[in-house]
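Have a look at it, then follow the notes below.

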Amino acid sequence: MQETTLDLLKRLAKALSAQFGDNCEIVVHDISSGDPENTIAVIENGHVSKRNASAGPSHIALEAMKEGRRNIPDQYNYLTQTADGRILRSSTVYINDDEGRPVGIFCINYDLTDLMMAQSVINNIVQRGNQGREPQHIPTNVNELLDDLLESIGIDPCNVCTYCFNGKE
């Protein structure tokens with residue numbers, strides 16, 4: 001991969017990991033050398049996948065390094081799972097040379113585990129109790145309370161004289 005391209009990808013990796021925080025891992029693979037044991041050129045927030053720059057290649061890097069591969073389609077917004085069970089939302093962008101051969105791979109892996117746990121807690125709180133029933137109206141004054149009470153016993157409030165309460169018949 002050209003040095004200027006690699007430099008740009010390293011800066012983008014730094015920017016994206018800073019923008020999206022500690023749960024966002026960015027990996028830049030340089031596969032132009034053909035050495036499958038040393039493909040990671042830069043990794044930001046490697047704790048997400050428990051990898052570092054000396055880690056071996058991913059299956060994505062190995063697939064891209066197969067002889068004759070050209071114009072591999074990028075993959076966006078797919079789910080992956082780490083060895084310890086965390087769920088990641090991932091995207092993979094292939095960097096190709098002028099002939100369509102992959103020379104690099106730009107990967108984004110966002111750890112969704114904390115967000116999924118928070119969603120579960122929120123759903124548990126929100127869905128508690130009155131499942132399947134309409135929320136109860138909270139009256140803001142006596143007239144609304146009287147209307148609610150009348151409706152609860154099946155009487156239309158429009159059919160009741162309220163002159164004593166509001167001066168209207």
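Asparagine 141 caps the N-terminal end of helix 4 (residues 142-152): one of its side-chain oxygens sits 2.8 Å from the backbone nitrogen of glutamate 144. Helices (H or I, at least four residues) and strands (E, at least two) are DSSP runs, numbered from the N terminus. After helix 4 comes glycine 154, with a positive phi near 90 degrees.

Keep in mind that this is a predicted model, where local features need pLDDT of at least 70, side-chain atom pairs count only at pLDDT 80 or more, and totals for chains, interfaces and linings use all residues. Residues are numbered from 1 along each chain as its sequence is written, and side-chain values use heavy atoms, leaving out hydrogens and water.

- Five strands make an open sheet in the order 2-1-5-4-3, with antiparallel pairing (two strands pair if DSSP finds at least two bridges between them).
- At the edges you'll find strand 2 (40-44) and strand 3 (75-81), each pairing on one side only.
- Strand 4 (residues 87-96) and strand 5 (residues 102-111) run antiparallel, joined by nine bridges.
- Tyrosine 94 stands opposite isoleucine 105 in strand 5.

**Helix 1 on the sheet**
- Helix 1 (residues 3-20) packs on the sheet and touches strand 1 (24-30), strand 2, strand 4 and strand 5 (contact means heavy atoms within 4.5 Å).

**Helix 3**
- Isoleucine 122 belongs to helix 3 (residues 113-126).

Conventions. Axes are lines fitted to C-alpha atoms, for helices over the stretch in contact, and angles run from 0 to 180 degrees between N-to-C directions. A polar contact is a pair of N or O atoms within 3.5 Å; within protein, one must be able to donate a hydrogen and the other to accept it, and residues adjacent in sequence count only if both atoms are side-chain atoms.
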